[in-house]
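The briefing is meant to be read beside the structure.

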Amino acid sequence: MTKKELEDFCLSINETKYRASQIRNWIYLKNASNFDMMTDLSRKFRDKINEVLRISTYKIRQKQISLDGTVKYLLEFEDGSCVEAVLMRFDNRENLTACVSSQVGCQMGCKFCATAKRGFIRNLEPFEIVEQVLAIQNDLKLKVTNVVFMGQGEPLQNLDNVLKAIEILNNEFQIGKRRITLSTCGVVSGINKLAEINFQPNLAISVHCSNDKKRSEIMPINKKYPINVLIQSLKDFVNVTKNRVTIEYTLIGEYNDSIYDARELSLLIKDLKCNINLIIYNPVLGDKFKRPEKISIQKFKYILEQSGKKVTIRLERGADIDAACGQLSGKYFEKN
Ligand code: SF4
């Protein structure tokens, strides 16, 4: 619930709006997992809300902890659907980043993705998205500072629910809009909607290939929205929001990591206000793609930097656990 919804609820049971602020603070900011922990509420009031409200609905099915501090959860909702949520910590930074899922499974069919292998099951409700952050906070007794929508699912295929979840993360968890990132595989209709509402959180786009032929091979969305259409929609988005976008490019060994690919990408995004985030491919068991060589990564980065853009290589997190999206649930469902 948003604070406004909590206020309406309190008024409906003849309580003051102030009670809503207290409940809001306990749940979203102080990691209360049950109403009995809310000691500044009277026992009578706690009993009353206990009868009609629940704080969360998930169960933690599995938890994996990486040597680098990454923690990956497999969460199960009431209908038995499972999604992954990951907490990532980065050295020398106080940021605690939650990577959340927006759908159970995914229909976009990207060839390098473990989630795609499960197909699409259903959209997540706003509370199920928010509960992933709650689950992490409550389990680790920490405050999440950043959220990225890079888990299972394509957020722009579940836009209304994702926007509602972002509203709660921003207003109730008090996570700044610029600390929230929505990542899309390139659903242009959704990007246009984000431009229409002047979406202020960060927008990251999985580009991964610099021409239609290769991109369509690994990302079926490219057949619907070819790469030039995608780049034009991003330019329009930047014009409206005045915010730089992030181009995500996963380097796959001997597939899209050549000097030629780097030059082609430079040219493609020459006039786009963007940063570039290079991701090193984390192989999914049994797939045909492989990690790129270190030398290819460095050359690729160097060429892109020549175009004056800021280029970062995403720090690898959770390499010793199943941290790529869909890997943990994939294994869970193979076993069960
Ligand atoms: S990479 Fe993202 S958009 Fe593509 S299939 Fe996987 S979850 Fe869906």
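The model is predicted. Its protein chain is divided into domain 1, residues 3-52, and domain 2, residues 59-335. Ten strands, S1 to S4 and S7 to S12, form an open sheet.

**Two domains**

- The C-alpha centres of domain 1 and domain 2 lie 34 Å apart.
- The two domains touch through six residues from domain 1 and seven residues from domain 2.
- On the domain 1 side, helix H2 (residues 17-29) gives the largest share, with three residues.
- By class, the domain 1 side of this contact has two nonpolar, two polar and two charged residues.

**The sheet**

- Follow the strands across the sheet in this order: S1-S2-S3-S4-S7-S8-S9-S10-S11-S12.
- The pairing in this sheet is mixed.
- Which strands stand at the edges? They are S1 (59-65) and S12 (311-313).
- Each of these edge strands has a single partner strand, so one side of each is left without a neighbour in the sheet.
- From one strand to the next, the twist averages 20°.

**Two strand pairs to find**

- S1 pairs with strand S2 (residues 71-76) in the antiparallel sense.
- This S1 and S2 pairing runs over six bridges.
- Within the pair, Gln-64 stands opposite Lys-72 in S2.
- S1 and S2 form a hairpin, with five residues between them.
- Look for Gly-69 in the turn of this hairpin: its phi is positive, at about 95°.
- Strand S4 (residues 96-99) pairs with strand S7 (residues 146-149) in the parallel sense.
- Three bridges make up the S4 and S7 pairing.
- Here Thr-97 stands opposite Asn-146 in S7.

**Helices H4 and H5**

- Helix H4 (residues 126-140) and helix H5 (residues 159-171) have axes that come within 8 Å.
- Their axes cross at roughly 45°, and H4 and H5 are therefore oblique to each other.
- H4 passes H5 in a right-handed crossing.
- H4 brings Pro-126, Ile-129, Val-130 and Val-133 to the contact.
- H5 brings Asn-161, Val-162, Lys-164, Ala-165, Ile-168 and Leu-169.
- By class, the contact of H4 with H5 has eight nonpolar residues, one polar and one charged.

**Helices H6 and H9**

- The axes of helix H6 (residues 188-196) and helix H9 (residues 227-241) come within 9 Å.
- How are H6 and H9 oriented to each other? The axes cross at roughly 10°, and the two helices are therefore roughly parallel.
- The H6 side of the contact is made by Val-188, Ile-191, Asn-192, Leu-194 and Ala-195.
- Facing them, H9 supplies Val-229, Leu-230, Ser-233, Leu-234, Asp-236, Phe-237, Val-240 and Thr-241.
- These contact residues of H6 and H9 divide into nine nonpolar, three polar and one charged.

**Helices H10 and H11**

- Helix H10 (residues 259-268) and helix H11 (residues 294-305) have axes that come within 9 Å.
- The axes of H10 and H11 cross at roughly 25°, which makes H10 roughly parallel to H11.
- The crossing of H10 and H11 is right-handed.
- H10 makes the contact with Ile-259, Ala-262, Arg-263, Leu-265 and Ser-266.
- H11 makes the contact with Lys-299, Phe-300, Ile-303 and Leu-304.
- The contact of H10 with H11 has six nonpolar residues, one polar and two charged.

Methods:
Residues are numbered from 1 along each chain as its sequence is written. This is a predicted model: local features need pLDDT of at least 70, side-chain atom pairs count only at pLDDT 80 or more; totals for chains, interfaces and linings use all residues. Domain bounds come from an automatic or database domain assignment. Helices (H or I, at least four residues) and strands (E, at least two) are DSSP runs, numbered from the N terminus. Ala, Val, Leu, Ile, Met, Phe, Trp, Tyr, Cys and Pro count as nonpolar, Asp, Glu, Lys and Arg as charged, and the others, Gly among them, as polar. Axes are lines fitted to C-alpha atoms, for helices over the stretch in contact, and angles run from 0 to 180 degrees between N-to-C directions. Angles under 35 degrees count as roughly parallel, over 145 as roughly antiparallel, 65 to 115 as roughly perpendicular and the rest as oblique. A crossing is left-handed if the near helix is turned anticlockwise from the far one by less than a right angle, and right-handed if clockwise. Two strands pair if DSSP finds at least two bridges between them.
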